[in-house]
Amino acid sequence: LDITGLGRRKALREFPAAAQKFGFTLKKSGSAGQFGTYKGRYNGYHFVVEPDRSATVYLRMKPVPGLEEFITRQGRTNFDSGDEQFDNFFRTRLVSAELGRHLREPGSFVDHAVKFCRRWKGRYDYIQIDPDSIYCAFKYGSGHYIPAPVLEQVIPDLVKLADGLQAAAEQ
C-alpha cells in the first residue's frame with residue numbers, strides 16, 4: 001500500500017528508462033504527474049503499457065485457434081490442465097480439446113504459466129488471456145502505477161506465456 005505516494009513518484013521517475021529498455025515509446029498524458037501510454041514491439045509482440053489506466057500491460061499476438069479464454073476471475077472451464085496450481089490460478093479455462101492436449105505437453109504453455117503464477121501471485125489484480133492477447137492488470141498503491149522493476153520483469157514473462165501459446169497452436 002502506497003498511502004504517501006512515494007512509490008508512485010519513484011515509479012514516475014524510473015519508468016521511462018525501464019520502458020526504453022524494451023524500445024517502447026511514450027505518448028504523453030495531457031496531465032502533469034501522469035505516466036502516459038507506452039507502446040512498442042518486443043520479441044515479435046506488440047505491447048501497450050498504461051500505468052495510469054488500471055496499471056495494465058497488454059500484449060497483442062497472432063490469434064491462437066481453439067483458445068477462447070483464460071481468466072484469473074470467474075470460474076467456467078472445459079479444460080483440466082493436470083496442474084492444480086495452474087487450475088487454481090486461471091479459474092476460467094476455455095479451450096478446444098485439440099489445443100488443450102498441446103497446452104498440457106511437458107515444456108509447453110502450462111509449465112510456463114505455472115512459473116508465471118508462482119512469480120506474480122498476489123501482485124496482479126487480474127490476468128486475462130484471449131485468442132489474440134494477454135492482458136495483465138496490477139495493484140500497486142492507492143493510485144494506479146506499475147513500478148519500473150515490475151515492468152522489467154513482467155515483459156519477458158509475458159513473452160514466455162505468449163511463446164508457449166504460439167508453440168502449442170503450431171503443433
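Author: What follows covers the sheet, a helix and a proline. This is a predicted model, in which local features need pLDDT of at least 70, side-chain atom pairs count only at pLDDT 80 or more, and totals for chains, interfaces and linings use all residues. Residues are numbered from 1 along each chain as its sequence is written, and side-chain values use heavy atoms, with hydrogens and water left out.

Reader: What is the strand order in the open sheet of eight strands?

Author: The order is E1-E2-E3-E4-E8-E7-E5-E6 with antiparallel pairing, where strands are DSSP runs (E, at least two residues) numbered from the N terminus, and two strands pair if DSSP finds at least two bridges between them. Strand E1 (25–27) and strand E6 (92–95) are the edge strands, each pairing on one side only.

Reader: And how many bridges join E7 and E8?

Author: Strand E7 (residues 124–130) and strand E8 (residues 133–138) pair in the antiparallel sense over six bridges, and isoleucine 127 stands opposite cysteine 136 in E8.

Reader: Which helix packs on the sheet?

Author: Helix H5 (residues 148–170) does, and the strands it touches include E2 (37–42), E3 (45–50), E7 and E8; helices are DSSP runs of H or I, at least four residues.

Reader: Changing topic, is proline 63 buried or exposed?

Author: Proline 63 is exposed, with a relative accessible area of 53% (exposed is over 50%, buried under 20%, partly exposed in between, with a 1.4 Å probe and protein chains only).

Reader: Where is proline 63, and what is it in contact with?

Author: Proline 63 is in the loop between E4 and E5, and, leaving aside neighbours within four places in sequence, proline 63 is in contact (heavy atoms within 4.5 Å) with Pro131 and Asp132.

Note on methods: Axes fitted to C-alpha atoms, helices over the stretch in contact; angles between N-to-C directions.
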